[in-house]
Amino acid sequence: MKKTIQHATVIGSGIMGSQIACHLANIGVRVLLLDIVPRELNEKESKAGLSLESKAVRNRIVNESLSKAVKMNPAPLFDKAYASRISTGNLEDDLQEISKTDWIIEVVVERLDIKQSLFEKVEQHRKPGTFISSNTSGIPISLMLEGRSEDFQKHFLGTHFFNPPRYLELLEIIPTPKTDSAVVDFFMHYGDRYLGKTTVLCKDTPAFIANRVGIFAIMDLFHKVQDMGLSVEDVDKLTGPLIGRPKSATFRTADVVGLDTLIHVANGLAHAVPHDEEKDKFKLPTFLQKMQENNWLGSKSGQGFYKKVKGENGKSEILSLDLDSLEYKPQLKSKFPTLELTKTIDDVRERWKVLIGGKDKAGEFYRRSVGAVLAYAANRIPEIADDLFRIDQGMRAGFGWKHGPFEIWDAIGLEKGLKLIEDEGLKVADWLLEMKAAGHSSFYTVQEGKGHFYAISEKKYKALPGGDSFIVLDHIRPSKTVWQNKECAIQDLGDGILNIEFRSKMNSLGSGVLAGINKGIDLAEKEYRGLVISNQGDNFSVGANLGMIFMMAIEQEWDELNFAIKYFQDTMMRVRYSSIPVVVAPHQMTLGGGCEMSLHADAVQAAAETYIGLVEFGVGVIPGGGGTKELTRRAAQRFVKDDIETNAYRENLFMIGQAQVAKSATEAFNMGIFLEGRDGISLNRHRLIADAKEKAVALAETGYTMPVRERDIKVLGRQGLGMFTVGANTMWEGGFITPHEKKMVEKLAYVMCGGDLSEPTFVSEQYLLDLEREAFLSLCTEKKTLERIQHMLKTGKPLRN
């Protein structure tokens, strides 16, 4: 189907509707956002002498909703300027405008009669061939089609976004029997490639896939927790990052989402699935009923499973709810011997066997809760999906699980999973027994570097869809790794392109990673055409190894520290100056040294959700891996273009001094970290490595030539140094910065101005690198710097001293 979406209409401007409109604006789509007309004036409108016919009044609901969304944190827009791509209107005056749109998305209240009435009106203005979809989370899609034309029915389906739409990757695609298959194919591709989503094909069943399994997992846990004598904080300790789930875990997530939302979905399922063998699990446990009666609905009502209060000393304290007494109490630290056994295991998949085998209450909890989820997911096939991988995709992309139920099952083993189910007295799906009898012992396999899944209906393994479009490092490591050490590995991506993957803790940049980068460039220069630096960890890199820097500074090993910093700088310069193109592919947190690596690349292919910046000021030093030099160089280039000399240097000095972090790849372009015409954005992070490889191939095939080392970077000398020093002194006198921060700013200005030069001068990159390294070392001798580094290592948060 050769279709493009240049304009979309979103009907319903509530929390979801406004954010969906924002995300469409993120990708360049023009959006019309519509909502109902108010039935009465508010106080402000009455005082202003407005009437119900005034346009400002008639569009008040939609305008207030959009304004509220744009101000949300986390932001729904990549760039607030994108709000200009959204126009607003109301359903009485502007519905005819949908005749000009390519896609109509309904996001109104969850009542079938209201949706049907709306679609009747929509059809009067919709032009044939226009896509139309509903964002319902529970109403059967097919019921909405009553009385609609054949063309409407062919182009109608469910497109269920998860909240918040920008950040949660799942987009469930739910066709009806009358939806044209070409329309389904279009949205599966459009959601993936353009919206950056994991598109999951669902059947039109209650709550579809992710909410059906995810809400069951939560409700099953709610019913078990009191029987097992576990507290709210115990469960959140057991169900968070330890097992590859979000930090908010279970109860905190419920508070954030809102217990009213959770209760609404659970109640809906309790009535909608009378055939479900676990239907009773969707009934509300007593403590949840009481919380609903008390209006303890989580963050929105000020209290839920947790409650923030002021302590006796005036400091805020977060209390947790005792599920038996329903009284709030100070949180107790949760400790379980089984968890201690996993501290040295970084791979979540490897932890599962230890956790399931635990001899304490934690082990029992995992055995019971995991057994229930495995049984439930297996018994939902083929009811909610024909293929098991779709359930795993839904849970990963919609609920933030690192691994879906069948991936967890592979981690613990088929036999162990079956035993967990039997021990709980639960039903084992017939297809599982058939699979076992046929000699298959896993749900996923890797064949020739491609992922395969067990296709239940065909009783054989089939390639996962999209295998040619995605590069999954887990799949290629066994056969494509050409070199590795403890912190780094190099893989052959094919087509003459190598990939360097970090494997250190939090992908920090220590000596092992730097050795891997140099080795990768050596290999690529001899035998390959290009190089990608990427990984599929939670974050691209949190920066340099602070622990190593701290130990060297504490022990006053200044020569060793000087060598380590120079090695880092030299490695970044090799990223820029080699005979092959180097493409860096950052995603999520890309801080400090990770940012410096991106600054030195021949090109960057960034995930849309890339949070990048030079944050070294937070630990009391300046960027020492070429970052200060690079922002000085870029300021000089901007001066040549814009002829606004001091502004360019001042903006880049502030960027470092305020430890600014871009909150999206788009914002990184605005800040000058990424460069227009050179760098690119991948909306779908799962395509990132493939996109980066494609960019490296293109650079190689267009005749890549190593850049010439720069020796003509203009620095301002005393002219700039005086200005920045006076500014730092003024901020210190005004109490805006500490004495140590004043010293840091002066050191940074000294480097960026080229030192104490009598007049503006042209210098080389190496000259600036030497100044940068000298300033970094001198700050490492300061007690205040060591306090900041130590605090960051202990808490993960910056210290102001």
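1. Asp360 is buried, since its relative accessible area is 16%; buried stands for under 20% relative accessible area, exposed for over 50% and partly exposed for what lies in between, with a 1.4 Å probe and protein chains only. Asp360 sits in the loop between helix H14 (348-356) and H15. Helices (H or I, at least four residues) and strands (E, at least two) are DSSP runs, numbered from the N terminus. This is a predicted model, in which local features need pLDDT of at least 70 and side-chain atom pairs count only at pLDDT 80 or more, while totals for chains, interfaces and linings use all residues. Residues are numbered from 1 along each chain as its sequence is written, and side-chain values use heavy atoms, with hydrogens and water left out.

2. The side chain of Asp360 has polar contacts with backbone nitrogens. That of Ala362 is reached at 3.3 Å, and that of Gly363 lies 3.1 Å from a polar atom of the Asp360 side chain. A polar contact is a pair of N or O atoms within 3.5 Å; within protein, one must be able to donate a hydrogen and the other to accept it, and residues adjacent in sequence count only if both atoms are side-chain atoms. Leaving aside neighbours within four places in sequence, Asp360 is in contact (heavy atoms within 4.5 Å) with Phe336, Pro337, Thr338 and Arg367. Asp360 and Phe336 are 24 residues apart along the chain, and 7.1 Å separates their C-alpha atoms.

3. The largest nonpolar core has 111 residues, and Phe305, Tyr366, Phe406, Trp409 and Trp431 have the most contacts inside it. Helix H15 (residues 361-379) gives the most to this core, with 11 residues. A nonpolar core is a set of buried Ala, Val, Leu, Ile, Met, Phe, Trp, Tyr and Cys residues joined through side-chain atoms within 4.5 Å. With neighbours within four places in sequence set aside, Trp409 is in contact with Leu374, Ala378, Leu414, Gly417, Leu418, Ile421, Leu432 and Phe443. A second, separate core of 78 residues includes Met552, Met572, Ala775 and Phe776.

4. Met552 belongs to helix H22 (residues 546-554), whose buried residues are Ile549, Phe550, Met552 and Ala553. Seen down the axis of H22, these residues fall within an arc of 165°, so they line one face of the helix; the arc is that of the directions from the helix axis to the C-beta atoms. Their cover includes helix H23 (558-576), helix H31 (765-780) and helix H32 (783-795). At the start of H22, a side-chain oxygen of Asn545 comes to within 3.1 Å of the backbone nitrogen of Gly547. After H22 comes Gln556, with a positive phi near 55°.

5. The structure holds 32 aromatic pairs. In one of them, the ring centres of Phe152 and Phe156 are 5.7 Å apart and the planes are at 25°, so the pair is stacked. Rings of Phe, Tyr and Trp (its six-membered ring) pair if their centres lie within 6.5 Å; planes under 30 degrees apart count as stacked, over 60 as edge-to-face and the rest as tilted. Phe152 is buried, at a relative accessible area of 0%, and Phe156 is buried at 0%. The charged end of Arg148 sits over the ring of Phe152, 5.9 Å from its centre; this requires NZ of Lys or CZ of Arg within 6 Å of the ring centre and within 35 degrees of the ring normal.

6. Phe156 is also among the residues that Thr179 touches, along with Gln153, Lys154, Leu157 and Val184, not counting residues up to four places away in sequence. Thr179 lies in the loop between strand S7 (170-175) and helix H7 (181-193). Its relative accessibility is 11%, so Thr179 counts as buried. The side chain of Thr179 reaches the backbone nitrogen of Thr176 at 2.9 Å.

7. Helix H7 holds both Phe186 and Tyr190, four residues apart, about one turn of the helix. Phe186 is buried at 9% relative accessible area, and Tyr190 is buried at 4%.

8. Ala69 is in helix H4 (residues 60-70) and counts as buried at 3% relative accessibility. Ala69 and Ser18 are 51 residues apart in sequence and 6.2 Å apart in space, C-alpha to C-alpha. Not counting residues up to four places away in sequence, Ala69 touches Ser18 and Pro76.
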